[in-house]
Amino acid sequence: MTILFSHPTCGFHNPGLGHPEKPERLEVVLNALNQPEFAGLKRRMAKPATAEQITRVHDAGHVLALLESVPKDGFTRVDADTVMSPASGDAALLAAGAAIAAVDAVMKGETANAFCAVRPPGHHAEPDRAMGFCLFNSVAVGAAHAEAVHGVKRIAIVDFDVHHGNGTQTMASGRANWLYASTHQYPYYPGTGSVRERGEYDNVVNAPLAARDGGAEFRAAYNEVIIPALDRFRPELLMLSAGFDGHFRDPLATLMLEEDDFAWVTEALMGVANRHCGGRIVSLLEGGYDLNALAASAAAHVRVLMAA
Ligand SMILES: [Zn+2]
């Protein structure tokens, strides 16, 4: 069974007209998951993460300052491409809160896996800085919660967004019981993600892909690098930064992936979870900026998760 976590307020975060991380992204994902074939999804409303939960991975002063700078009306620019509207603080807390609720549901055995249809995305958010459309690092907030509350000892975070998850890598790097593994276009935004970045505990695995690489190179990176590393690590919980901007139709990058590649990687990662942790997977939406490609790719991902 799969539980879908979301919240309408995640659709009210608005970085401004013409910004690719637009409210319609959430709408098209939820519309796709409202089709009859997804009737078996159990749907739950996310609750906002607390300051205590956020500050497990973010600096307290930064969290306070960011929330205080949410505008009453209009916009607040926090980075060259990261903008907040009045609903952005609540949306970011709900995105992180969805990760926490999904971790709780999976760790309590209520479901094998869960998908969080949320925005803003999170994987670029550093401990002390919002960047790259991301305010709080939701997947890391979820991982820290799994560790602190459920006593999970080995947590793997796999990131197949087309961009490297620099923030998640920073947070995982100093934590010996986390493994961060990523495929991403390289060199590309945000500039990190070289194979030489291996984490303080040899717990970072970067498998960079070149512009124009497609399904064959993507699958080889998993088969040859990431899945063997996950099998050595033996996670007790697998978390996914599920970005679908590696799709060939995506306007922000130039990988050549198709829906079927996202279905394939989901199935391959479920194999890892089945071998090591009873199938426990918590997946969070990150990027994906072509609305049709995003909807179809997220649907392909969740279709496979539901077959657990
Ligand atoms: Zn991305």
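Colleague: How many disulfides does the count come to?
Modeller: This is a predicted model. A disulfide needs two cysteine sulfur atoms within 2.5 Å. Cysteine 116 is in no disulfide, as its nearest cysteine sulfur, in cysteine 10, is 9.5 Å away. By this rule the count comes to zero disulfides.

Colleague: Is cysteine 116 buried or exposed?
Modeller: Buried means under 20% relative accessible area. Cysteine 116 has 0% relative accessibility, so it counts as buried. Cysteine 277, at 2%, also counts as buried. For cysteine 116 the word is buried.

Colleague: Which residues are the protein donors of the zinc ion?
Modeller: The donor atoms lie 2.0 to 2.8 Å from the zinc ion. Along the chain they follow the spacing D-x1-H-x81-D.

Colleague: Why is the arrangement around the zinc ion not tetrahedral but irregular?
Modeller: Four donors count as tetrahedral if all angles lie between 85 and 135 degrees. Here the four donor atoms subtend angles of 52 to 154°. That range makes the arrangement irregular.

Colleague: How many residues apart in sequence are the parts that histidine 163 and aspartate 245 tie together?
Modeller: Histidine 163 lies in the loop between β6 and α6. Aspartate 245 lies in the loop between β9 and α8. The pair therefore ties together parts that are apart in sequence by 82 residues.

Colleague: Are histidine 163 and aspartate 245 buried or exposed?
Modeller: The cut-off for buried is under 20% relative accessible area. Histidine 163 is at 8%, so it counts as buried. Aspartate 245 is at 0%. Histidine 163 and aspartate 245 each count as buried.

Colleague: What is the volume of the largest cavity?
Modeller: A search of the whole structure finds one cavity of 30 Å³ or more. Its lining includes His13, Asp81 and Phe133. By class, that lining has four nonpolar, three polar and two charged residues. The volume is about 30 Å³.

Colleague: Which element gives the most to the lining of the largest pocket?
Modeller: The largest pocket has a volume of about 210 Å³. Of its 14 lining residues, those closest to the centre are Arg198, Asp202, Val205, Ala229 and Arg232. Two elements give two or more residues to this lining, β8 (204–209) and α7 (215–233). With four residues, the element that gives the most is α7.

Colleague: Which helix gives the most to the lining of the second largest pocket?
Modeller: The second largest pocket has a volume of about 180 Å³. Its lining includes Phe5, Met45, Gly97 and Ile100. These lining residues divide into five nonpolar, three polar and two charged. The helix that gives the most, with four residues, is α4.

Colleague: What is the phi of arginine 212?
Modeller: Arginine 212 lies in the loop between β8 and α7. It is exposed, with a relative accessible area of 59%. Its phi is positive, though it is a residue other than glycine. The value is near 75°.

Colleague: Is glutamate 200 buried or exposed?
Modeller: The place of glutamate 200 is in the loop between β7 and β8. Exposed means over 50% relative accessible area. Glutamate 200 has 61%, so it counts as exposed.

Note on methods
Residues are numbered from 1 along each chain as its sequence is written. This is a predicted model: local features need pLDDT of at least 70, side-chain atom pairs count only at pLDDT 80 or more; totals for chains, interfaces and linings use all residues. Side-chain values use heavy atoms; hydrogens and water are left out. On a 1 Å grid over the protein atoms alone, a cavity is a set of points where a 1.4 Å probe fits but cannot get out, and a pocket is an open set with protein on both sides within 12 Å along at least five of seven lines; lining residues have an atom within 4 Å of a point. Grid points are joined across faces, edges and corners, and a volume is the space filled by probe spheres set on the points. Ala, Val, Leu, Ile, Met, Phe, Trp, Tyr, Cys and Pro count as nonpolar, Asp, Glu, Lys and Arg as charged, and the others, Gly among them, as polar. Buried means under 20% relative accessible area, exposed over 50%, partly exposed in between (1.4 Å probe, protein chains only). Donors are N, O and S atoms within 2.8 Å of the metal (3.2 Å for Na, K and Ca); water is not among the atoms, so sites may look incomplete. Four donors count as tetrahedral if all angles lie between 85 and 135 degrees; four count as square planar and six as octahedral if opposite donors are over 155 degrees apart and all others between 65 and 115; anything else is irregular.
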